[in-house]
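Subject: Handing over a structure

Dear colleague,

Please find the structure below, which I am passing on to you together with some notes on what was found in it.

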Amino acid sequence: RALTAIGILWAILTILTAWVPGQETASTLIILGTLIAVRFLVGAVHAPIFPVQNCVFVRWFPPGRQALPLGLSSTGLTLGIVASAPLLPWMIITWGWRISFMVIAPLGFIFAALWWWYSKDDPAEHPSINQAELDLIKGERAPVIKDLPPPPGWIRVLKNRDVLLLMLSYSCMNFVFYEVFSWFYFYLVEHRGFDEGVAGWVTSSQWLAGAAGAALGGWICDRLCRKWGLRWGCRWPIIGGMVLSGILLIWGAFTQNPALAVTMLALCFFFNQLTEGAYWGTSIAIGGQFAGTAGGLLNTGANIMGALGAILVPLFAKSFDWTIAIASGGVFALIGAVLMLFVRADRPLVTE
């Protein structure tokens, strides 16, 4: 129900975006106010997708086999950005921005209908699941404790040391993610002197590297969890990915060779996204039956860091230069790796 509602509401708000009044009917203040309000609601509506998918994967995959599907969902996100980067500008140039929004809005309705038709909250209710698959899914999963004493689940999540440290580490990772998302193209054109067309292709290649990294990182995390257990199986992909992405980002920012710089920055994003499946898999392992709430806290920290980064990166560029501004993400990545050393994925917040 939650993902179906998200798809429908996203489509409706995308249509409303296309109906924002123009200069012929409203003042600039009203236009901006309406646009900000609608886009704020778009963000609020689709933000729960990742926390809700935690609830899906905790039901559909056994412990130690959740990071790969979680990583693939991040691969889908980055591939969506790769596809929309050239497609949406072409649509806007060809048809105008209002019609372009109206064209993409039905995708939300289609997704919602397909999800409602095919998905089941409980694997046992799905007609395509056989008994062997059901036994595999439920064999190692902790039972849901229905009559827990106080405090309620969301209080347990907010008070849990491992969830809070995981949120801080994930927020540091997302400083790099949003730095790439918001500033990389501008940095290539304005600071590195790349042609706009070349910068566009380089930016797309970086997102493709991130897509590959997210899928590979999830697979590695699941393999390590089955071999070494949740504690170190979840830690190593994150620590390794964060350290390597931090070093590569600092190296790419300070090198004078433009070709080497973009190579290092693309590899940085590959290793940054290598951590995605492990982060979300850790939130499921710790959260258990409250995996959705734990994932929501992760998402909140990540988006707060995205907002903070939108302020800090241009501030660093103005106060120092763009080299320092871009390299600052590497410092956050290294801090995130250190924080992960203190997170225990093998210590669920609810135990019998």
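**Salt bridges and a helix pair**

Lys138 has a relative accessible area of 36% and is therefore partly exposed, a class that lies between buried (under 20% relative accessible area) and exposed (over 50%), with a 1.4 Å probe and protein chains only. Before going further, please note that this is a predicted model, in which local features need pLDDT of at least 70 and side-chain atom pairs count only at pLDDT 80 or more, while totals for chains, interfaces and linings use all residues. Residues are numbered from 1 along each chain as its sequence is written, and side-chain values use heavy atoms, with hydrogens and water left out.

Lys138 forms a salt bridge with Asp122, with 4.0 Å between the closest N and O atoms; the term stands for a side-chain nitrogen of Lys or Arg within 4 Å of a carboxyl oxygen of Asp or Glu. Because Asp122 lies in the loop between helix 6 (106-118) and helix 7 (131-139), and Lys138 in helix 7, the pair ties together parts that are 16 residues apart in sequence; helices here are DSSP runs of H or I with at least four residues, numbered from the N terminus. Asp122, at 27% relative accessibility, is also partly exposed.

The whole structure holds 4 salt bridges, and another of them joins Arg347 and Asp162 at 3.0 Å, N to O. This pair links distant parts of the chain, with Arg347 in the segment after helix 15 (322-340) and Asp162 in helix 9 (residues 161-191), 185 residues apart. Asp162 is buried, with a relative accessible area of 2%, whereas Arg347 is partly exposed at 35%. Arg344 and Asp346 also meet through their side chains in a salt bridge, at 2.7 Å from N to O.

Turning to the helices, the axes of helix 3 (residues 49-60) and helix 14 (residues 291-319) come within 7 Å and cross at roughly 150°, the axes being lines fitted to C-alpha atoms over the stretch in contact, with angles from 0 to 180 degrees between N-to-C directions. Helix 3 and helix 14 are therefore roughly antiparallel, a word used for angles over 145 degrees. The contact (heavy atoms within 4.5 Å) involves Phe50, Pro51, Asn54, Cys55 and Val58 of helix 3 and Ala291, Gly292, Gly295, Gly296 and Asn299 of helix 14.

Notes. Helix = DSSP H or I, 4+ residues; strand = E, 2+ residues; numbered from the N terminus. Parallel < 35°, antiparallel > 145°, perpendicular 65-115°, else oblique.
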